[in-house]
Amino acid sequence: MGNNLLLSWRMFYGCLVLGGCLYVKEIYGQVNLSKVQFKYSKNDIVLTKHDDGFLIDDTGTKYAFNKKIIIQSLLSVGEVSAIHDHINKVQVIANIGNESVYWITPTTEQYFNVYSTLRKHQGILAIEPDIAPVRKLLFSSKKQLQIDNSVTELQKLSLCENPVSRVRVAIIDDGFDFTHPEFDQLKVLLEYDAEQKVMTAKAAGPIDEHGTLVAGVIAAKRDNKGIEGFAPTSEIIAIRQVSTWTSSLILAFQVAKLMKADVVNCSWVLPFLSDIVAQVIEDFSALPNNPIIVAAAGNSGKKACEINQLSELEATVTVGSINNGERAKFSNYGKCVDYYAPSSIESTSLNGYAHFGGTSSSAAIFTGILAQLKACGIEHPLSSLSMIDNIYPAHTVEKK
């Protein structure tokens, strides 16, 4: 009797312990499954579910997430789909050499489970959640300021009488209005919306005009009326990209790659740059046509490295703003800035013409000059900038 009672107690105790362990394991598993871990600037980063639409890091920074997953792999679409029963769709959005970048749609309630399984799979080379930290920071001051005389001098500059080649310029920005009279001779090769995944880059509203401003600086026709573009013979690839979703950034640069862009203008700052996006950009920059990616330094008056993650890439040329040969007070600066250019200029807008200032316009001016140098047959235009007045290497400005 005593032995049976002891045995029963031990069995009951064991069940309690086992049940407790299972309970703890279940809770622990739920905690793990509400987190995603991935590489960022070669370091591990962990984001935890904040609510249904946001992840949060250990500093309290929130990231919107759309419950999609981005991976880099040598596996085929079918092989990726077979990794987990709750993978509903696998789409190729870019290529890095022989590797594919996939955009994966899992069953919503199984998102963290699918993510965890993919992360552990030996065939997955890199994995990230599809996130967007903040809306892209675009700057297009319309305040009427005196136009910088150095800009006027640059616009009058004739780099060659007859361009020898057609240069493809990709502009990644918000909306474009190509019905403007300044563009009636412009060749637009492609319009694409990287977020809506549609073949248009048309402006969606009155504040959606930054792309139009940039396009005017680069490619408005030269007819001694209105404004004069720096590279009016350029062929334009207009890519509408109005936020910082990782998947949309990847698609934007992949489109520029597929269209064999010679120069890419990015007149915006990016506060978060994933490792996969960085690899896509670096891969694009290594193409045989030697494409040049131009980024705006930003208008915070701070170190560009801290504000604009694009500026840290070797593949990008980052442009700050000058005023009368000296760094403008609003311009970001530091080791991540490569050149300085004037900024105060008139350009095309949705309602005719508008003032365009900040490092966005400086980057657009710089892009136009590079495109025109390429059109004149100069294969490596960065090495020829010394002959252009009012465009300064960063070290000559920042030492003042």
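Biologist: What makes a residue of this chain count as buried, and what percentage of the 400 residues is buried?

Modeller: Buried means under 20% relative accessible area. In this predicted model, 54% of the 400 residues are buried. The chain exposes about 18700 Å², with carbon and sulfur atoms supplying 53% of that area.

Biologist: How do you know that the length of helix α6 agrees with its number of residues?

Modeller: Helix α6 covers residues 246-258, which is 13 residues. The expected span is 1.5 Å times one less than the number of residues, so α6 should span 18 Å. Its end C-alpha atoms are 18 Å apart, which agrees.

Biologist: Why is α6 called largely enclosed by the rest of the structure?

Modeller: Because 12 of its 13 residues are buried. K260, which follows α6, has a positive phi, near 55 degrees.

Biologist: What makes a set of residues a nonpolar core, and which residues have the most contacts inside the largest one?

Modeller: Its members are buried residues of the listed nonpolar kinds, joined through side-chain atoms within 4.5 Å. The largest such core has 43 residues, and F366 and I369 have the most contacts inside it. Helix α9 (residues 359-375) gives the largest share of this core, 9 residues. Apart from it lies another core of 38 residues, among them V101, I237, I250 and F253.

Biologist: Which residues does I369 contact, leaving aside neighbours within four places in sequence?

Modeller: I369 is in contact with L154, L159, F230, L385, I388 and I391.

Methods: Residues numbered from 1 in each chain as written. Predicted model: local features only at pLDDT ≥ 70, side-chain atom pairs only at ≥ 80, totals over all residues. Heavy atoms only, no water. Buried < 20%, exposed > 50% of the residue type's maximum accessible area, 1.4 Å probe, protein only. Areas by Shrake-Rupley, 256 points an atom, 1.4 Å probe, with all protein chains shown as cover. Helix = DSSP H or I, 4+ residues; strand = E, 2+ residues; numbered from the N terminus. Contact = heavy atoms within 4.5 Å.
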